[in-house]
Amino acid sequence: MCFQIPTITTTRKPCITHCRQRNPNNLRTLPMSTNTLLSFSIGLWNCQSAVNKADFITSITSHSRLNLMALTETWIKPEDNATPAALSNNFSFSHSPRLTGRGGGTGLLISNDWKFNPLPSLSINSSFESHSATITHPLKIHFIVVYRPPGPLGNFVEELDVLLSNFPEDGTPLVMLGDFNIHLDKPQAADFHTLLASFDLKRVLTTATHKSGNQLDLIYTRHCSTDHVLVTPLHTSDHFLLTLNLNMVPDTTHTPTHVTFRRNLRSLSPSRLSAMVSSLLPSPEQLSSLDVNRATDTFCSTLTSCLDTVCPLSSRPARTTSSAPWLSDVLREYRSKLRAAERVWRKSQNPTDLNVYRSLLSSFSANASTAKRTYYHNKINNSPNSRMLFKTFSSLLCPPPPPPSSTLTADDFATFFINKITNLSAQFATPQTVKHILPANIHSFSSFSPLSEAEVSKLILSNHPTTCPLDPIPSHLLQAISPAVVPALTHIVNTSLHTGVFPSTFKQARITPLLKKPTLNPTLLENYRPVSLLPFIAKTLERVVFNQVSAFLTQNNLLDSNQSGFRSGHSTETALLSVVEALRLARAASKSSILILLDLSAAFDMVNHQILLSTLLENGISGTARQWFESYLSDRSFKVSWRGEVSKSQHLATGVPQGSVLGPLLFSVYMASLGSVIQKHGFSYHCYADDTQLYLSFHPDDPTIAARISACLTDISCWMTDHHLQLNLAKTELLVVSTNPSLYQNFTIQLGSSTITPSKTARNLGVVIDDKLNFSDHIAKTARSCRFALYNIRKIRP
């Protein structure tokens, strides 16, 4: 019998497993523990002359991965630039040499990742030498490196007390280290121990630091702890290398990582970029419907967008050091073996492993020196021209400038530069408005001639491809794709010339502050010189105007024939020869001479636009041409670039743009009328840019010369005031070339509150001229410079 069993059928939903994912929005920043420590590696070594061990010192510092190496007995003389330059390879070297005698010298080799300020000599010591610096990043810490020569203590304890008193106990970590040449177990060291204890300085315990078994190299710390103290014998000195870790509480303020943005231009195909620009760039017919400002903006934005598409920007952490060019793959492999041998020795502390490590270290140092010598030997021998040769010498002989001050910002520089000009301009009254009436008896230049595409193309290709951050694309790329951009660029140039409007995009400059001399204090704003950078296309447009205006001024003899600056066929040599030859001829004719060198304060920045435009009108530049110059000078601004940041924009109400093509020409036109003021008093003159040389020859017994000088300088000062220029009488020099010294005349000139006194020598355009015209001072100075250069070149000979 069969039974039917009922069944119930259901549809069951399949089980779906949901994969849980992390939600980055739920992440939160964990607070850093207040007792977290930062650890840095430092070293101390009495190198007993760094002059011939620079490569070894930098190699052992890099190999030991030290952030700072303190050196004593560097034996670097004050005139030696080659050794500091060699030590500055991938490091910053701060040093105090022994000023007299042989030996001595203390310094700090500091990682380029650190920022620091060298401290001036804090006290005058006769018993020891020292060098101090304050690290400002990644945290603040003072370092003092000391070298005391062997012998009685003398005033050492008292002078060290004065030095340490300059570092208040404000919680900032302090490390004092060096070769003290003190036997700590002797009774004479009791006062030394007491002094350091009073400053809360604790000694880092080490084994013997000298091959004789004595502890002469000492390290003292305050407000920081140490560990991993190692003493390593080296084959190149009687003193051993001391290394240790410093542990300190970090600064809780976050320091952003420096990031650079770069394009891989090497992989860029100019033909691909040119094709894209040709397809996207509006035609001249389409641009004709736009005014010159909108056409320029469209042109620049199209170039930038095409470059971003073909070769986009990529970000990467900024690298503070570059790889040594002579470091080959073989040396890198050798260095890896050296580091492995060091780890084995540090782990085992076996004398056999130490000997292996020292042997590899000696071999690596010799191989690295040989590789570096070979690299520079080939580079010097294969230099294509003298410019590249001396650039190579300079990189070897001159240490890099000190690191930029971390306390200064881009806005600090911008404010300082604009305030300097504003304060000088405030001394002058607003010039009277001049009626624009063109004299009928002079030639006129009222409009510019348009350019063909071939002429614009020639200008683009003939100019040096300098690039600044304001360029839409690098200048060498613009030259490479010039056939694609010349039609549009020709339209923009001709439209600007026809309408008398200079594109607003080109009116902004980018300023880079540069330290005037490496020896100056980098924390003072007045020690920096502003270097102005302008777009390449803007300078191309300026060159079009320059060629036409300068041709007009030259043809009509409107430029000062005694101006050698910025003129073809003229230079500082022509300016010097003109003046010196006139003085020599006067001396041959038994006449005495006076040479006056005028100095102006910020001359290019002080040019008044209203006075300049009136001067251009007086010279026949009118109509659209004058309107173009008015547009070119108005509404200009600048920003300062400093350490990766850009300042706020600052408006410029005066001055001609420095770094521009037209600036020097406009300044020459502005100064041209000064010549008639000088010649009115019987003086001759010659100029180079803003450097003006006045000279007058006379019979030795002429009693009116002093009065004539005073009258001439008074009129010059009045002319300067009328033209809003500041004559710096404090830096104005006066030289008397007398044929009869027995006939004494007082040529001291009093102008207002300033006194100009004759001197025996005067520096004129880089040449020292003396009152005998035999150039003995200049020859001696040149000979000293040559000896100095040869002394340093001797150190880098292959």
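**Exercise 1.** Which residue in strand 19 is the bridge partner of Ala-509?

*Solution.* This is a predicted model, where local features need pLDDT of at least 70, side-chain atom pairs count only at pLDDT 80 or more, and totals for chains, interfaces and linings use all residues. Residues are numbered from 1 along each chain as its sequence is written, and side-chain values use heavy atoms, leaving out hydrogens and water.

Step 1: look for its parallel partner, strand 15, which pairs with strand 19 over 4 bridges; two strands pair if DSSP finds at least two bridges between them.
Step 2: read off the partner of Ala-509, which is Phe-638.

**Exercise 2.** Find the antiparallel neighbours of strand 19.

*Solution.* Step 1: strand 21 (residues 650-652) is joined to strand 19 by 3 antiparallel bridges, and Arg-636 stands opposite Leu-652 there.
Step 1: strand 20 (residues 645-646) pairs antiparallel with strand 19 over 2 bridges, with Trp-642 and Glu-645 as bridge partners.
Step 2: look between strands 19 and 20, where the hairpin has 2 residues and Arg-643 takes a positive phi near 55°.

**Exercise 3.** Why is strand 19 largely enclosed by the rest of the structure?

*Solution.* Step 1: call a residue buried if its relative accessible area is under 20%, exposed if over 50%, and partly exposed in between (1.4 Å probe, protein chains only).
Step 1: strand 19 is largely enclosed because 6 of its 7 residues are buried.
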